[in-house]
Protein chains: 2
Amino acid sequence: MAGWWGRLLRVDLTRGRVVVESLDEGLVRRLLGGRGLATYILWREVPAGADPLGPENRLVFAPGVLTGVPAPGCGRNGVAALSPLTGRLGSAEAGGFWGAELKRAGFDALVVEGRSPAPVYLWIHDGVAEIRDARHLWGLETGEVEARLREELGPRIRVCQCGPAGEKLVRFACVVNDLTHFAGRTGLGAVMGSKKLRAIAVRGETPVPVADEAGFRRLVREMSAAWKEKAWGLHEHGTAGSTAALSAQGGLPTRNFRQGSFEGVEKIDGRTMTATLLAGRESCFACPIRCKRVVRAASPYRIDPRYGGPEYESVAALGSCCGVDDLAAICKANEICAAQGLDTISTGVTVAFAMECVERGVLSSWHGKGLPRFGDAEGMVELVRQIAAREGIGDLLAEGTLRAARFFGQGSEAWAVQVKGQEVPMHEPRLKHALGLGYAVSPTGADHCHNLHDTAWIKEGSAVKEAGVFGLQGPVSLHDLGPDKVRLFCYITNWRHFQDSAVVCYFVPWTYGQLTELVRSVTGWNTSLFELEKVGERVATLARLFNMRQGWTREEDVLHPRFFEPFAGGPLDGVSVPREGLEGALRLYYGMMGWDPDTGIPTPARLAELGLS
Amino acid sequence: MAGWWGRLLRVDLTRGRVVVESLDEGLVRRLLGGRGLATYILWREVPAGADPLGPENRLVFAPGVLTGVPAPGCGRNGVAALSPLTGRLGSAEAGGFWGAELKRAGFDALVVEGRSPAPVYLWIHDGVAEIRDARHLWGLETGEVEARLREELGPRIRVCQCGPAGEKLVRFACVVNDLTHFAGRTGLGAVMGSKKLRAIAVRGETPVPVADEAGFRRLVREMSAAWKEKAWGLHEHGTAGSTAALSAQGGLPTRNFRQGSFEGVEKIDGRTMTATLLAGRESCFACPIRCKRVVRAASPYRIDPRYGGPEYESVAALGSCCGVDDLAAICKANEICAAQGLDTISTGVTVAFAMECVERGVLSSWHGKGLPRFGDAEGMVELVRQIAAREGIGDLLAEGTLRAARFFGQGSEAWAVQVKGQEVPMHEPRLKHALGLGYAVSPTGADHCHNLHDTAWIKEGSAVKEAGVFGLQGPVSLHDLGPDKVRLFCYITNWRHFQDSAVVCYFVPWTYGQLTELVRSVTGWNTSLFELEKVGERVATLARLFNMRQGWTREEDVLHPRFFEPFAGGPLDGVSVPREGLEGALRLYYGMMGWDPDTGIPTPARLAELGLS
């Protein structure tokens, strides 16, 4: 086939050795790359009980079969490892240009193993790779590291790195592509830091081959014609453009998930950003939508535009979730996260957790400087800085809400809003019940990516028609947890796992059919939506197998208790996630996945079907 | 949507009443018509323990969403009822023109219930239906009935009927479309006869609507260009054109399945038919392939060309399976089956059963006239006639091999080669092991239609590429019963159930992708291969639910013991179906279908997924 070279780069940092291995086409077709291939590699190579921050963990950088072809949404790559935050599968994707560049440099996957005795970076260019000294980069902010590497290697390189927070093993440190794109969740930056691998600079000149050029060009033309109608809002106001609308629905996490509406929302909505701080719009590789923000300010906070601007998740986590309505402060905290390499979601929720601790008197006498209360914008920014630097209380909070709560005690686990140790993102299960099912069962803990945002599905019209490819006959309601809803959840979640393997953006409005044709045209395979759904199912099941070996039990697949508490007031007054309904939905989901409904363990027949026996 | 009117015609023969009901589009999309819709109707309306030949049975004639659109393969309709042969789901499809005409007359389904006090026929034309006296037709051969009805109603009507064998309740009587096309299996002609419904004449003038005319025409053009390369053999020599090749492989049922090769095969192969008796080639509605044979002879047998000519199944069942190498005798017996309304497969295997009884001395003194031995062509023809007429021993044999064997005793069940009471068709599980799995688990007993003929799958190249749409990576071997083979079986069998619901011919070489697009273009639905596979899975599961209510147990899902006996000599010398391998494959199949691997009963989660809770 034409779509990939089948080359895997393996870097052993302990021995300082680089080898190129070949990937079998059949294996790539079963897993596609991204999360699929990475999880397979982790399953093969990371032993039970491995220390996530030890040398036997693997850190996998995995583009997918779609990464690097010049089509909208195809600039992404996956990153995966055993997570230091959850002790389970760590997996996240980042956009930008770095993943495409890695493919153009001739590699379909990069596996990092061992641990370097001293800081290093990788320099990968046109099929070769070198391990280089990075002592001069250690401790520098991400922008500085990228600037230095460009001086060393040339202006057109692309850089992926872990940031100072990764160096300091903050358990929710992220991996940063091109300064402004993040494989945010599950602490992959800490794994990178633990290996003393500060950065990976890449440069490649070889276009990624496409098997059916004519078919491929047709699809790109279709998207060029369609995106303005379907995704103009994303271009205009970014992902934060619906923050106020979500608040009006009652689904905006506010003050550590105790409310679903935020009285200050208009001040932090993406539209306000457009009207005030916005300095530009940026894109990922080959994408016309340009949903990425660039913000700039001189005072009261000096905000460096090199670090882009906040996504919806960051606005809500650092904003409403902390009760903060100061957009400049949010943008500053977002900049700190980018410069230091922190996941904005876990950071914001951890700050909110600390704020609730203060409110409840748990942390009042903890720290001389005083800790922020809900709504304290300046205090929020300062605490983000302390977490990144592991200063004072920040050192404890850098362990994540669950570990911090276990240290603080006094019942604080009740407001450490996480699943499997990972902080809950900015989507409210009391608005979208199936999302709560997703938080409970996701292999990576509370994760909004491979999950059901079913606002798109409850409407009549085109969304219902689009769901027809799965044989679903809509609409279904946001609070439904019945068989049709679980089926929708199951199919869409598996589709997301496919997308995270291929790897392709969720935001580019490809239809299911177009995306199937895109894979076909790029790879030359006679594929179908059926095969791609089965890939997603295989990846989800493989992730379960990996987690089982790391100690997963059925009891972990639960939603945080906060979501069983009814809202008091607001648009969702009195609404909570129904415990029994969720339990029934979870059993149905297990069954539909071919997992035992009691234990959640995959059945032998399903493993055989997926080729995982 | 444009693809169907959503009109179901219900005829109560007890009350002499005709009503038109409407079909919900959502229901049609979940089941498509054909076997899917018919099984649903039976499941809703036929109570546990109903007498298959009593008035409470339903006889459903079901075109599908593709029936009647002017594309190759779209001339077929399903027929279904509780089977008098198996006591389980009775379901078969017929080609020709009648099903398309029923759609053109404005109906998507016809449900016949009750029992008429005297013989009747139905006259359906342009949206209306009448029950008419058929006493003048009772007892006449099918050709005579069609001629009389054309005199009464006009030359352009299409006739479906049960034949004299159906009138006499031969348990494997078939339903005849246009004299030369048969819903052959499971005794549906006997159900029609039991209701005293001799024929259904149809005439319609309204073209079946197509939602996307341009897309539809493109697909038809593609097939017009492709079929000569892919299906020329079918045109040239019919389905019997590979008889000799199958014998050379060792997979031609010979002398009641005791051998797999037939020394006289060259004399009965389709190529010989082409060179000797062939008088013409006929087609089904809108099909250019014209795989249907017309044979003619004056002596030693006068063979009436109105009844077409034998398919492969008929050549083998009435030929090699009886040790008969006289093609003219086979064609004569085939003509009798068509004129009388007998399933050629069950007829041939029943004759072969009788021959083995004679050989083993079980029937030597039974009948004054003497019974045929293997190889006795004239005796075979005569016994076929006696079965149709229920004369002498024919009256017993008309009950099918299983009931006859139970009557004869003396261990004769050991060579009554059937599953669930239905005689095994002309495909040899010792050549194709997964086919044996199919015989065991099929809801209709031994059935070759919704089953895996995996000769097409073991080769490299295009067939393997085509299977890629299911994520299968070939090749797999004929004797494989491992996970990949069971997965292939599962997916293909479900696809066949889809095809039998849509309803569309297996022989027209549509790719999976083209067929998906065909459904999309005709219906206007945003469908996919995923949805259509799920329809097939739903239909197979619904059939299981229906059978469970009629008394099905796990013990029924077995292959006849003959196939566990190794062949002695021939290309497959020493080969038998491995018992343990088959048992393991069956458990895997159950599991992959979401059925309990021990009991074969669908799990609650799978029922929920398929909307069958």
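Which helix gives the most to the lining of the second largest cavity? The legends below treat a predicted model, and the answer is in Figure 1.

**Figure 1. The second largest cavity of the predicted model, with its lining residues.** H21(A) gives the most to this lining, with four residues. Helix H17 (433-441), H19 and H21 of chain A each supply at least two residues of the lining. The second largest cavity holds about 90 Å³ of space. Its lining has 14 residues, and those closest to the centre are Val441(A), Ser442(A), Pro443(A), Tyr589(A) and Trp595(A). Sorted by class, the lining of this cavity has seven nonpolar, six polar and one charged.

**Figure 2. The largest cavity, lined by residues that include Lys534(A) and Lys534(B).** The rule used here counts eight cavities of 30 Å³ or more. In the largest cavity there is about 200 Å³ of space. Lining it are 20 residues, and Lys534(A), Glu537(A), Lys534(B), Glu537(B) and Glu609(B) are the closest to its centre. Two or more residues of this lining come from each of helix H19 (483-502), helix H21 (529-549) and H23 of chain A, and from each of H19, H21 and H23 of chain B. The lining of the largest cavity consists of 10 charged, eight nonpolar and two polar residues.

**Figure 3. The second largest pocket, with residues of chain A and chain B in its lining.** This pocket contains about 430 Å³ of space. The elements that give two or more residues to its lining are helix H22 (579-592) and helix H23 (604-609) of chain A, along with helix H22 (579-592) and helix H23 (604-609) of chain B. Of its 22 lining residues, Trp595(A), Asp596(A), Pro597(A), Thr603(A) and Thr603(B) lie nearest the centre. Trp595(A) is also among the residues closest to the centre of the second largest cavity. By class, 10 nonpolar, six polar and six charged residues line the second largest pocket.

**Figure 4. The interface of chain B and chain A.** Chain B and chain A bury about 2,700 Å² between them, and carbon and sulfur atoms give 56% of this area. The contact takes in 31 residues from chain A and 31 residues from chain B. Between the two chains the count of salt bridges is zero, while 18 residue pairs are in polar contact across the interface. On the side of chain B that touches chain A, two or more residues come from each of helix H1 (25-31), helix H18 (462-467), helix H19 (483-502), helix H21 (529-549), H22 and H23 of chain B. H21(B) gives the largest share of this side, six residues. The residues on this side of chain B are 11 nonpolar, nine polar and 11 charged.

**Figure 5. Two cis peptide bonds in chain A, at Pro300(A) and at Val503(A).** Most peptide bonds are trans. Ser299(A) and Pro300(A) are joined by a cis bond with omega about 0 degrees. Pro300(A) sits in the loop between strand S14 (292-295) and helix H11 (312-318) of chain A. A cis bond also runs from Ala502(A) to Val503(A), where omega is near -20 degrees. Val503(A) belongs to the loop between H19 and helix H20 (512-523) of chain A.

**Figure 6. Gln410(A), a residue with positive phi.** Most residues other than glycine have a negative phi. For Gln410(A), phi is near 55 degrees. This residue lies in the loop between helix H16 (401-408) and strand S15 (418-419) of chain A.

Methods. Residues are numbered from 1 along each chain as its sequence is written. Chains are lettered from A and ligands numbered from 1 in the order in which they are written. This is a predicted model: local features need pLDDT of at least 70, side-chain atom pairs count only at pLDDT 80 or more; totals for chains, interfaces and linings use all residues. Side-chain values use heavy atoms; hydrogens and water are left out. On a 1 Å grid over the protein atoms alone, a cavity is a set of points where a 1.4 Å probe fits but cannot get out, and a pocket is an open set with protein on both sides within 12 Å along at least five of seven lines; lining residues have an atom within 4 Å of a point. Grid points are joined across faces, edges and corners, and a volume is the space filled by probe spheres set on the points. Ala, Val, Leu, Ile, Met, Phe, Trp, Tyr, Cys and Pro count as nonpolar, Asp, Glu, Lys and Arg as charged, and the others, Gly among them, as polar. Contact means heavy atoms within 4.5 Å. Buried area is the accessible area (1.4 Å probe) that two parts lose on being put together, summed over both. A salt bridge is a side-chain nitrogen of Lys or Arg within 4 Å of a carboxyl oxygen of Asp or Glu. A polar contact is a pair of N or O atoms within 3.5 Å; within protein, one must be able to donate a hydrogen and the other to accept it, and residues adjacent in sequence count only if both atoms are side-chain atoms.
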